[in-house]
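Subject: Structure for your review

Dear colleague,

Please find below the structure that I am handing over to you.

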Amino acid sequence: MSRRPIPFAWQVLGLQVGLLVVVFGLGCGLIGWLFDQELTDQYGIRALAVAHTLASDPAIAAAAAAEDPQGILPARAERIRVASGALFVVITDRHGLRLAHPTPELLHERVSTDPSAVLNGHDTINVEHGTLGLSARGKTPLREADGTIVGEVSVGFKIDEIRTYVWKQLGLAALAAGCALLLGIAGSALLSRRLKRLTLGLEPRELGELVQEREAVLHGISEGVLAVDAAGRVSVCNSEAARLLGVDPRPGSPVSGLGLPPGLHSILEHGEADNVITVAGDRVLVVNYRAVRRDGRDLGGVLTLRDRTDLENITRELESVRTLSNALRASRHEFANRLHVLSGLLQNDHRDEALEYLHAVAGGQVAAGGAADQLDDPYLQAFVAAKTAEAAERDVRLTLADTSWVGTRVSAPVEVTTVLGILVDNALEAARHGARRPAWVELALLSDADALHVSVADSGDGVGEGVREEIFTAGVSTRDEPGRGLGLALARQAARKLGGDVRLTAGRGDGHGAVFEASLPHALAAVP
């Protein structure tokens with residue numbers, strides 16, 4: 001069985017503690033070495049100062065010049081040694097023979113170290129090993145009054161005393177550093193604990209796998225994903241969401257500054273949406289929002305977006321085709337009945353009555369199909385005929401205004417059908433549910449070069465003052481029913497594709513309800 005890997009937080013703690021210990025050890029070693037060197041130098045200077053003091057005594061120089069016949073130098077040197085705390089005080093003659101030494105047996109013997117530099121008139125400071133062990137020494141020439149060198153004075157301090165003092169000071173420093181080390185370990189433990197809390201208990205390997213999986217999922221799905229943290233900042237936005245919303249936010253950008261449609265802002269504020277249809281730019285989107293929580297913490301939410309633009313356009317086209325099909329089916333029954341009457345008249349040899357019936361039918365056709373005289377486009381003719389039949393089924397009278405005139409063909413049937421269908425359907429609904437009777441809708445179509453101008457008026461109750469400014473916003477409707485409030489937003493979207501617009505010119509008036517107008521540039525073929 002494989003061993004369970006050590007948690008990353010413990011690895012960080014161990015690394016930090018190890019680093020602190022190494023830094024502490026190196027620091028103590030460096031400080032100890034520097035301190036030892038500094039103390040050795042200071043003791044050497046101190047030894048040289050004691051030697052200078054002793055060498056400045058003319059009596060000592062005179063005794064050394066005479067090779068101390070009275071034997072006063074050992075006593076004088078011993079007093080100086082005791083007073084200064086030195087390891088030794090040695091006085092020699094000009095040949096390097098000891099005249100004073102802490103060990104009497106070594107008197108009148110040559111010193112164990114080379115005295116030539118001092119006897120040549122130079123002061124020296126060094127660390128040397130002599131008969132009394134390793135010491136820091138200061139040496140100076142012993143001169144008579146006329147400057148003649150008659151010997152040397154050497155003073156030494158034991159190195160072991162210096163090292164003892166150094167270790168004592170390092171012990172105190174180690175105590176303070178140990179306390180600092182314990183504080184550092186405690187801080188490292190707290191840091192590791194916070195790191196584990198911030199990563200939600202996940203290891204770096206798991207975080208790396210999670211990021212890779214997240215990137216693969218986010219950019220591999222056909223839905224847009226926009227994640228928002230608890231502070232209202234963007235944390236994730238995949239490429240599909242950026243395409244659908246027309247924005248490319250950076251992580252950390254506030255959602256309020258993205259210029260999102262009001263419908264999406266409302267969803268993000270309330271934190272709830274389930275298959276809500278809204279409009280963003282020129283796209284129809286199905287929006288879902290889910291709040292994200294972990295261990296009782298609010299982590300924000302995730303907004304998913306699905307593009308329904310093509311489906312909505314196809315649905316509108318199918319509705320138009322279905323309306324036209326129903327109208328044609330009704331016309332087929334009407335013409336079949338008329339043909340049966342003509343067939344019966346001709347079979348019974350009533351030719352005069354058949355001719356009179358044909359004239360009556362032709363006159364009725366002209367009276368009922370006046371749109372053909374005002375609209376040269378067959379698609380508009382069929383649309384008006386279909387909507388007229390549909391209006392009749394709803395007990396609403398749909399009429400084409402006498403001022404209508406379109407003398408060319410439609411070049412953008414999808415956009416024209418979308419705008420006309422939505423405006424007429426809304427007008428039929430308003431007239432049908434309005435208080436005025438008989439219910440009516442008047443449609444006006446007028447061409448201006450390649451532009452088509454549309455006006456739709458109805459006998460409904462109109463649009464209230466409170467919603468006139470927002471009537472084209474997705475989700476806003478004069479009727480409080482779920483799933484409504486999308487048509488006018490789609491109509492304006494289709495009109496703006498052509499460079500035009502849809503607007504409310506009258507919310508309510510004497511004898512009529514709402515009046516909507518639409519301008520559709522480049523919707524018609526250019527007039528030759």
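Helices (H or I, at least four residues) and strands (E, at least two) are DSSP runs, numbered from the N terminus. The model is predicted, and local features need pLDDT of at least 70, side-chain atom pairs count only at pLDDT 80 or more, and totals for chains, interfaces and linings use all residues. Residues are numbered from 1 along each chain as its sequence is written, and side-chain values use heavy atoms, with hydrogens and water left out.

Overall picture

The chain has 14 helices and 15 strands. Of its 528 residues, 38% are buried (buried means under 20% relative accessible area, exposed over 50%, partly exposed in between; 1.4 Å probe, protein chains only). The chain exposes about 29,700 Å², of which carbon and sulfur atoms supply 56%; accessible areas come from the Shrake-Rupley method with a 1.4 Å probe, and for residues only the protein chains shown count as cover.

Surface patches

Patches consist of residues with over 30% relative accessible area and no salt bridge, where like charges are joined within 9 Å and nonpolar side chains (Val, Leu, Ile, Met, Phe, Trp, Tyr) within 5 Å. A salt bridge is a side-chain nitrogen of Lys or Arg within 4 Å of a carboxyl oxygen of Asp or Glu. Lys and Arg count as positive and Asp and Glu as negative, while His and the chain ends are not counted. The place of a charge is NZ of Lys, CZ of Arg, CG of Asp or CD of Glu.

Arg193, Arg194, Arg197 and Arg297 form a positive patch. Helix α5 (residues 159–198) gives the most to this patch, with three residues. Arg193 lies in helix α5 and counts as exposed because its relative accessibility is 61%.

A nonpolar surface patch is made up of Leu30, Trp33 and Leu34, which together have about 340 Å² of accessible area. Leu34 belongs to helix α1 (residues 8–55) and is partly exposed, at 45% relative accessible area.

Glu415 is placed in helix α13 (residues 413–433). Glu415 is buried but has no salt bridge, and Lys497, the nearest side chain of opposite charge, is 5.1 Å away. Leaving aside residues up to four places away in sequence, Glu415 touches Ala494, Lys497 and Leu498 (contact means heavy atoms within 4.5 Å).

Helix α14 (residues 487–497) is mostly covered, with nine of its eleven residues buried. Among the buried ones are Arg492 and Ala494.

Yours sincerely
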